[in-house]
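Q: I have a structure open and would like to talk through its side-chain packing with you. Could we start with the rings and move on from there?

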Amino acid sequence: METASVDHHGRETAYRHRDAGGEGPTLLCVHGSGGAHGVWRGQFRLASDYPVAALDLSGHGDSDDVDADAGYETLSAYVDDVVAVAEETDASVLVGNSLGGAVVLTLALERDLDLDALVLAGTGAKLAVLSDLLDWLENDFDRAVSFLHGEDKLFHTDDERLVEGSKEAMYDAGQAVTLRDFLSCHTFDVRDEVSEISVPTLALVGEYDRLTPPSYHEYLAETMPDGELGTVEDAAHLAMLERPAAFNEAVKSFLDRRVA
């Protein structure tokens with residue numbers, strides 16, 4: 001596994017990259033709010049078929065932060081991060097979870113990057129956030145973190161290792177960045193535009209995801225011209241972390257059929 005970074009727009013964006021001889025196009029995975037590249041650790045197993053990269057968005061993990069207001073300005077900065085890493089790794093398949101899905105959709109709509117496919121996992125064309133959660137993120141971060149790790153939100157499982165690791169990642173991102181992320185999700189709405197995205201797209205949802213439920217993914221699959229729906233059983237919002245083998249099989253099956 002290669003640990004690397006790319007300089008762009010006056011900041012440094014960190015990423016991990018693994019190529020185990022895969023002949024398919026490179027995947028670039030984009031994490032969600034308060035996350036980092038580590039949420040995709042199970043997806044590096046795909047690298048024998050498809051090289052895999054995963055970045056830390058600005059202000060997360062090992063990446064420099066960016067001075068940006070919450071909302072479209074932040075999403076645009078995150079899109080800059082993804083474009084920079086995609087160009088560095090020659091990635092043409094973007095995999096986005098939650099906020100990362102909003103970043104991927106914004107990129108596909110607004111930027112001139114040659115794409116072979118999208119995987120939108122645990123996300124939606126609109127990502128309104130519960131008003132109580134936004135309040136807790138600003139005024140009671142511990143309560144917000146606890147809420148997000150409640151039943152069938154980030155996880156369906158009660159595996160303490162996964163839950164505690166996810167909480168630690170959110171605290172590492174910190175309150176200010178995590179609030180900025182969720183506020184940026186809250187203002188995101190491209191329902192009237194996703195029909196313009198013509199690349200093959202897999203909308204992949206955890207069976208029990210209550211944060212971005214199956215209906216969000218059904219909308220994407222039905223509205224996007226070349227969209228299809230997939231479900232990861234026994235998983236919630238972070239299906240790629242909770243059920244990595246099933247998640248990877250869904251992604252590989254889709255890519256084998258559509259882009260390989």
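Q: How many aromatic pairs does a search of the whole structure find?
A: The search finds three aromatic pairs, where rings of Phe, Tyr and Trp (for Trp, the six-membered ring) pair if their centres lie within 6.5 Å, and planes under 30 degrees apart count as stacked, over 60 as edge-to-face and the rest as tilted. One of them is formed by tryptophan 40 and phenylalanine 247, a tilted pair with 6.3 Å from centre to centre and 55 degrees between the planes.

Q: Before going on, what kind of model is this?
A: This is a predicted model, in which local features need pLDDT of at least 70 and side-chain atom pairs count only at pLDDT 80 or more, while totals for chains, interfaces and linings use all residues. Residues are numbered from 1 along each chain as its sequence is written, and side-chain values use heavy atoms, with hydrogens and water left out.

Q: Back to tryptophan 40 and phenylalanine 247: which parts does the pair tie together?
A: Tryptophan 40 is in the loop between β3 (26-30) and β4 (52-55), whereas phenylalanine 247 belongs to helix α9 (residues 244-258), so the pair ties together parts that are 207 residues apart in sequence. Helices (H or I, at least four residues) and strands (E, at least two) are DSSP runs, numbered from the N terminus.

Q: Are those two residues buried or exposed?
A: Tryptophan 40 and phenylalanine 247 are both buried, with buried meaning under 20% relative accessible area, exposed over 50% and partly exposed in between (1.4 Å probe, protein chains only).

Q: And why is the pair of phenylalanine 141 and tyrosine 171 edge-to-face?
A: The ring centres of phenylalanine 141 and tyrosine 171 are 5.5 Å apart and their planes are at 90 degrees, so the pair is edge-to-face. Phenylalanine 141 comes from helix α4 (residues 141-148) and tyrosine 171 from helix α5 (residues 160-173), 30 residues apart, and the pair thus links distant parts of the chain. Phenylalanine 141 is buried at 9% relative accessibility, whereas tyrosine 171 is partly exposed at 38%.

Q: What sits over the ring of phenylalanine 147?
A: That is the charged end of lysine 153, 4.7 Å from the centre of the ring; a charge sits over a ring if NZ of Lys or CZ of Arg is within 6 Å of the ring centre and within 35 degrees of the ring normal.

Q: Changing topic, how many disulfides does the search find?
A: Zero disulfides are found in the whole structure, a disulfide being a pair of cysteine sulfur atoms within 2.5 Å. For cysteine 29, the nearest cysteine sulfur is that of cysteine 185, 17 Å away, which is too far for a bond. Cysteine 29 is buried with a relative accessible area of 1%, and cysteine 185 is buried at 4%.

Q: What does arginine 180 contact, leaving aside its neighbours within four places in sequence?
A: Arginine 180, which lies in helix α6 (residues 175-186), is in contact (heavy atoms within 4.5 Å) with residues including Ser58, Asp65, Thr74 and Tyr78. Arginine 180 is buried, at a relative accessible area of 10%.

Q: Where is alanine 144 placed?
A: Alanine 144 is in helix α4 and is buried, with a relative accessible area of 0%. Not counting residues up to four places away in sequence, alanine 144 touches Leu133, Trp136 and Leu137.

Q: Turning to the backbone, which phi does aspartate 90 have?
A: Aspartate 90 has a positive phi of about 60 degrees although it is not a glycine, and serine 98 likewise has a positive phi of about 60 degrees. Most residues other than glycine have a negative phi.

Q: Last one: what does the secondary structure of the protein come to?
A: The protein has nine helices and eight strands, and buried residues make up 59% of its 260 residues. Among contacts between residues at least 6 apart in sequence, 76% join residues at least 24 apart.
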